[in-house]
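Please look over the structure below.

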Amino acid sequence: MAKTFPSDEWFDELGDRLNANETYTEQAEGWGVDFDGDFIFTIEAGDGLPETYHYFIGLEDGDCTGTRPVDNPAEVENGFELSGPYGNWQSLVRGEMGAIEGIMGGDFELDGSMNTLLKYQDAATTFVESCSEIETEFA
């Protein structure tokens, strides 16, 4: 059954998929250990999305520790924020664009250490692959 992006159900599914993905678990070993590896995804309004959404994704040592919507990202401790227009998120979720590629190409803005993210680029690739495996409907 398709899940709408963005929604609590979609992000819960992503967390479940990451935790069930042995490849991701191995590639992300050490992520968030001795640094805050939690993310905020900011999906900006536009392209049919009437309002901006923010989702917290807890990531530590190969595990997704939880997902939840947040009203104000500044009030939630995190090490990274990835933000971009809804149309770019659609491309990422469909697997048409990678996270690193999107950041380097200016499609997404990263608040956090790019060097740290690059050390775990295989995990980032597998993360996006997990996104693209979710049967998704868009707003």
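The report starts with the ground rules, then takes up cysteines and salt bridges.

## Ground rules

This is a predicted model, where local features need pLDDT of at least 70, side-chain atom pairs count only at pLDDT 80 or more, and totals for chains, interfaces and linings use all residues. Residues are numbered from 1 along each chain as its sequence is written, and side-chain values use heavy atoms, with hydrogens and water left out.

## Cysteines

The structure has zero disulfides (a disulfide is a pair of cysteine sulfur atoms within 2.5 Å). Cys 64 is in none, and its nearest cysteine sulfur, on Cys 131, is 11 Å away. Cys 131 is likewise in no disulfide.

Cys 64 is buried, at 11% relative accessibility. Cys 131 is buried too, at 2%. Buried means under 20% relative accessible area, exposed over 50%, and partly exposed in between, using a 1.4 Å probe and protein chains only.

## Salt bridges

There are two salt bridges (a side-chain nitrogen of Lys or Arg within 4 Å of a carboxyl oxygen of Asp or Glu). Glu 13 pairs with Arg 17 at 2.8 Å, N to O. These residues sit four apart in helix H1 (residues 8-20), about one helical turn. Helices (H or I, at least four residues) and strands (E, at least two) are DSSP runs, numbered from the N terminus.

Arg 17 also bridges to Glu 133, with the closest N and O atoms 3.8 Å apart. Glu 133 lies in the loop between helix H6 (121-132) and strand E7 (136-138), and Arg 17 in helix H1, so the pair ties together parts 116 residues apart in sequence.

## The network

Glu 13, Arg 17 and Glu 133 form a salt-bridge network. Glu 13 is partly exposed at 21%. Arg 17 is partly exposed at 28%, and Glu 133 is partly exposed at 49%.
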